[in-house]
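Trainee: I'm new to this one and would like to go through it with you. Can we put it up and start?

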Amino acid sequence: MMNTNKIVQNFKKLFDKEDLFLPATPEQKKRLEDLFGDQVGKIIDFYSEYQPWEMPVTESYVQLLGIDNILLENTEGTPGKYLAEYGVFVFALTAGGHALCIDTNTAARGDAGVYIADADFVFHNEILDRMEIGVIPEKVAERLRDDETLLLNYPNIARCLRKVENSFMKFLLKLSGDKYEDIEEYLE
């Protein structure tokens, strides 16, 4: 994987630091495979060899998570634990607490697109006792009735998440090369 080596070298150069990555333990790799499934082999391979370890926040305000924190965000964090039920997994956070995710439903050739979810993307509607999407893009909201809400389900997640890149590997290559300004701009 030529891109993997370039990504790692770019991060080392970007942060002027060598010890940014650790290989995953067999248990961590297994838990990540169990979480992500078998559609995103390139992503699992990357984390198996190059798990972020004490990675600083990038200039574009992104904090890549190690496997243990990925597991935590997708089982206990919000919106991660709700998105994970639909095959959308958090792998990084922004300085503002927003989630960067991969969508395994649209994975192709072992890779998946990268999306950003507002920290308030999901909420519990107490009146209807159900999970709903709390941050709806303007072009989606324009098509809703004034009193209409969006139930949390995969079609609505796909309509409302903001795409950052078509590929996780391309995202990492650009992130490591400091090609993004403020990743939270994708929320606008």
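**Around Phe-168**

Trainee: Okay, what is Phe-168 in contact with, leaving aside its neighbours within four places in sequence?

Mentor: Contact here means heavy atoms within 4.5 Å. Before the list, a word on the source: this is a predicted model, where local features need pLDDT of at least 70, side-chain atom pairs count only at pLDDT 80 or more, and totals for chains, interfaces and linings use all residues. Residues are numbered from 1 along each chain as its sequence is written, and side-chain values use heavy atoms, with hydrogens and water left out. With those neighbours set aside, Phe-168 is in contact with Ile-43, Phe-46, Tyr-47, Phe-91, Ile-102, Asp-111, Ala-112 and Val-114.

Trainee: Which residues touch the most other members of the largest nonpolar core?

Mentor: A nonpolar core is a set of buried Ala, Val, Leu, Ile, Met, Phe, Trp, Tyr and Cys residues joined through side-chain atoms within 4.5 Å. Buried means under 20% relative accessible area, exposed over 50%, and partly exposed in between, using a 1.4 Å probe and protein chains only. The largest such core has 59 residues, and the ones touching the most other members are Phe-36, Phe-91, Leu-100, Phe-168 and Phe-171.

Trainee: And where does the largest share of this core come from?

Mentor: Elements here are DSSP runs numbered from the N terminus: helices are H or I with at least four residues, strands are E with at least two. The largest share is six residues, and it comes from strand 4 (residues 88-94).

Trainee: How do helix 3 and helix 8 pack, and what is the word for their angle?

Mentor: Axes are lines fitted to C-alpha atoms, for helices over the stretch in contact, and angles run from 0 to 180 degrees between N-to-C directions. Helix 3 (residues 41-49) and helix 8 (residues 168-176) have axes 9 Å apart, at an angle of about 45 degrees. Under 35 degrees counts as roughly parallel, over 145 as roughly antiparallel, 65 to 115 as roughly perpendicular, and the rest as oblique. So helix 3 and helix 8 are oblique.

Trainee: Which residues of helix 8 take part in that meeting?

Mentor: From helix 3 come Lys-42, Ile-43, Phe-46 and Tyr-47.

Trainee: How many salt bridges does a search of the whole structure find?

Mentor: A salt bridge is a side-chain nitrogen of Lys or Arg within 4 Å of a carboxyl oxygen of Asp or Glu. Glu-165, Lys-170 and Lys-174 are linked in a network of them, and Glu-18 forms one with Lys-12, the closest N and O atoms being 3.5 Å apart. The whole search finds six.

Trainee: How far apart in helix 2 are Lys-30 and Asp-34?

Mentor: Their side chains meet in a salt bridge, 2.8 Å from N to O. Lys-30 is partly exposed at 46% relative accessibility, while Asp-34 is exposed at 54%. Because they sit four residues apart in helix 2 (residues 26-36), the separation is about one helical turn.

Trainee: Which residue does a cis peptide bond join to Thr-78?

Mentor: Most peptide bonds are trans. Here omega is about 10 degrees.

Trainee: What is the phi of Tyr-61?

Mentor: Tyr-61 is found in the loop between strand 2 (51-52) and strand 3 (62-64), and is partly exposed at 40% relative accessibility. Its phi is positive in a residue other than glycine, near 70 degrees.
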